[in-house]
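The tour below goes from one selection to the next.

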Amino acid sequence: MQMGKIVWHIFYKEWIKTRWTYLAALVLGLATVFYVFIRVENGMERFGAKTYMLKVLYDNPPLIYYRMLLYVPLLIAASVGVTQYLPETVNRRIRLMLHLPVANARLVLGMALYGVAAITVSNALLYGLFAAKSAALFPAEITLPALKSVLPWLLAAYPVYGFIAMIALEPNRWRALLYAVAGYYLISPFVVSYFSSALPLLVIAAGSFPLLLYSSYRFSKGER
């Protein structure tokens, strides 16, 4: 079977599993963006646009009007990861797929590629809507720093997804607990915007996928 057909079949299977949860989380995320800017417009009407912008720029601490978006990308990533992997591992259904006459790495990478694609689509929609609404209400002096601050929250969705998949496929509960603790301490600083650099988050995300393959290998072999 050609690799393209394998990926297509995996994508279709994963879409059937995750579509309703994923779409619900995405709609909730987009609705949250709209709600953020409804609050911004109400604040501008209450205080005046100039005063509101001064609060964003110079208050100590500054008014972070987009704070509600903090966990939205993580919620979407978690919805994809949990609905993809948890039913498969709880019911041991994934063993049937891993015993197909196709390399396990290809099958698991196909599943992971679907998850990454779904998160990328949601991130693009959220970021595009947030950028458009911010640019319509604020000058570049406010919009550009806001876009820079939100970006790590979006990028954090990738390692969160990777660690959820890795934990779900890990057959040993103590290893899974170790992965969960490591993921929390690696990702949480970026979620709360201690760092704004995208590179460490991408490195963490890339590092989680080889471990995902290792966990899937152990799961297929029935190791404990």
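Helices here are DSSP runs of H or I with at least four residues, numbered from the N terminus. Keep in mind that this is a predicted model.

**Stop 1**

Select Ile-16, which sits in helix H1. Is Ile-16 buried or partly exposed? Ile-16 counts as partly exposed because its relative accessibility is 37%, and the buried class ends under 20%. Together with Ile-16 they make a nonpolar surface patch of about 700 Å².

**Stop 1: charged side chains**

How many salt bridges does the structure hold? It holds two.

Start with Lys-13 and Glu-14, whose side chains meet at 2.6 Å, N to O. Then move to Glu-14 and Lys-17, where the closest N and O atoms are 3.0 Å apart. Both Glu-14 and Lys-17 belong to helix H1, three residues apart, or about one turn of the helix. An α-helix has 3.6 residues a turn, so residues three or four places apart point the same way.

Colour the trio by accessibility. Glu-14 is buried, because its relative accessibility is 0%. Lys-13 is partly exposed at 29% relative accessible area. Lys-17 is also partly exposed, at 23%.

**Stop 2: the core**

Hide the surface and look inside. The largest nonpolar core has 56 residues. Select Phe-37, Tyr-65, Tyr-66, Tyr-85, Phe-130 and Phe-138: these touch the most other members. Helices H1 (3-47), H2 (49-58), H3 (72-90), H5 (104-137), H6 (140-155), H7 (157-169), H8 (173-191) and H9 (198-220) each supply at least two residues of this core. Which helix gives the most? H5 does, with 10 residues.

Centre on Tyr-65. Beyond its neighbours within four places in sequence, Tyr-65 is in contact with Val-36, Phe-37, Val-40, Tyr-52, Val-56, Phe-130, Ser-134, Phe-138, Ile-142 and Ala-146.

**Stop 3**

Phe-138 is buried, because its relative accessible area is 5%. With neighbours within four places set aside, its contacts are Phe-37, Val-40, Met-44, Tyr-52, Met-53, Tyr-65 and Thr-143. Draw a distance from the C-alpha of Phe-138 to that of Ala-49. The two residues are 89 apart along the chain, yet these atoms are separated by 9.2 Å.

**Stop 4: H6**

Follow the chain into H6. Its end C-alpha atoms are 22 Å apart, in agreement with the 22 Å that its 16 residues should span at 1.5 Å a residue. Show the buried residues of H6: Ile-142, Thr-143, Ala-146, Leu-147, Val-150, Pro-152, Trp-153, Leu-154 and Leu-155.

**Stop 5: H7**

Finish on H7. From first C-alpha to last, its 13 residues reach 18 Å, close to the 18 Å expected at 1.5 Å a residue. Is H7 mostly covered or mostly open? H7 is mostly covered, with 11 of its 13 residues buried. Among them are Tyr-158, Pro-159, Tyr-161, Gly-162, Phe-163 and Met-166.

Notes
Residues numbered from 1 in each chain as written. Predicted model: local features only at pLDDT ≥ 70, side-chain atom pairs only at ≥ 80, totals over all residues. Heavy atoms only, no water. Core = buried A, V, L, I, M, F, W, Y, C linked by side-chain atoms within 4.5 Å. Buried < 20%, exposed > 50% of the residue type's maximum accessible area, 1.4 Å probe, protein only. Contact = heavy atoms within 4.5 Å. Expected span 1.5 Å × (residues − 1). Patch = residues over 30% accessible without salt bridge, like charges linked within 9 Å, V, L, I, M, F, W, Y side chains within 5 Å. Areas by Shrake-Rupley, 256 points an atom, 1.4 Å probe, with all protein chains shown as cover. Salt bridge = Lys/Arg side-chain N within 4 Å of Asp/Glu carboxyl O.
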